[in-house]
Amino acid sequence: MAGLAPEVKDFIRANHLGTPFPELVRLVQDRFGESSAYNQIRAFVHNNKLWNGLDTRIKPGNVPFNKGKPRTWAGGEETRFKKGHRPKNYMPVGSERINTDGYIDVKIADPNKWTQVHLLIWEAVNGPIPKGHVVIFADANKFNVHPDNLVLVSRSQLARLNQNHLIKGSAELTKVGIVIADLKQKISDRRVKGKKGPMPE
């Protein structure tokens with residue numbers, strides 16, 4: 001799509017002050033034809049900071065024109081929600097779904113409170129998840145929420161597991177991977193400590 005012609009740009013510069021943008025578009029298109037597209041005009045105005053100087057904000061104390069007036073428009077009654085109405089896609093408490101990250105969610109309260117099933121199961125068996133920790137799937141299968149497949153790791157352990165691709169399709173291999181991740185962390189910590197040298201007495 002070609003850009004705006006020079007004469008169109010000159011016209012916009014000469015007429016933008018005090019002119020609402022929709023009206024400016026209409027003026028341009030009336031004068032130069034529909035080839036001057038809305039998006040082109042918008043981009044030109046924006047890129048050149050050609051603000052119209054109008055203040056369209058609602059002023060303090062402004063009273064809406066229909067305040068205190070009875071509703072006069074018709075239609076829409078059949079589509080408005082009534083008190084206690086439930087939409088067609090309503091899901092009762094206890095319903096499950098797969099969220100965008102691939103985890104199983106369960107609805108625990110209305111109107112729309114959900115949590116991940118594997119977290120509920122782990123906490124039911126072990127208590128609250130400690131701060132700075134997460135629950136992972138030992139066999140990397142997000143649908144396997146059996147307690148034996150849920151493993152608590154710290155966020156630093158998880159970072160090390162991901163860096164070294166130690167979360168496997170086998171629960172046993174992943175648990176070995178956690179041991180390896182811990183060893184790597186200890187080695188790294190010792191190297192850092194060694195570089196710093198002994199503390200002065």
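Q: At what angle do helices H2 and H3 pack?
A: This is a predicted model, where local features need pLDDT of at least 70, side-chain atom pairs count only at pLDDT 80 or more, and totals for chains, interfaces and linings use all residues. Residues are numbered from 1 along each chain as its sequence is written, and side-chain values use heavy atoms, leaving out hydrogens and water. Helix H3 covers residues 38-47, and its axis lies 10 Å from that of H2 (axes are lines fitted to C-alpha atoms, for helices over the stretch in contact, with angles from 0 to 180 degrees between N-to-C directions). The two pack at an angle of about 120°.

Q: Which residues of H3 make the contact with H2?
A: Start on the H2 side, where Phe21, Leu24, Val25, Val28 and Gln29 take part (contact means heavy atoms within 4.5 Å). Across from them, the H3 residues are Tyr38, Ile41, Arg42 and Val45.

Q: At what angle do the axes of H1 and H2 cross?
A: Helix H1 is residues 6-15 and helix H2 is residues 21-32 (helices, H or I with at least four residues, and strands, E with at least two, are DSSP runs numbered from the N terminus). Their axes come within 11 Å, and they cross at roughly 140°.

Q: Which residues of H2 make the contact with H1?
A: H1 brings Glu7, Val8, Phe11, Ile12 and Asn15 to this one. H2 answers with Leu24, Leu27, Val28, Arg31 and Phe32.

Q: What does the twist average from one strand to the next?
A: Picture going through the sheet in the order E1-E2-E3. From one strand to the next, the twist averages 40°.

Q: Which residue in E2 is the bridge partner of Ile98?
A: E1 and strand E2, residues 104-109, pair in the antiparallel sense over three bridges. Along this pairing, Arg97 stands opposite Asp105. The bridge partner of Ile98 is Ile104.

Q: Which strands of the sheet does helix H4 touch?
A: Helix H4, residues 117-126, packs on the sheet. Its direction makes about 70° with that of E3. The strands touched by H4 are E1, E2 and E3.

Q: Which residue in the turn between E1 and E2 has a positive phi?
A: E1 and E2 form a hairpin, and five residues sit between them.

Q: Which residue in E3 does Val106 stand opposite?
A: E2 and E3 also form a hairpin, with three residues between them. The two strands run antiparallel and are joined by four bridges. Opposite Val106 stands Thr115.

Notes: Pairing = 2+ DSSP bridges.
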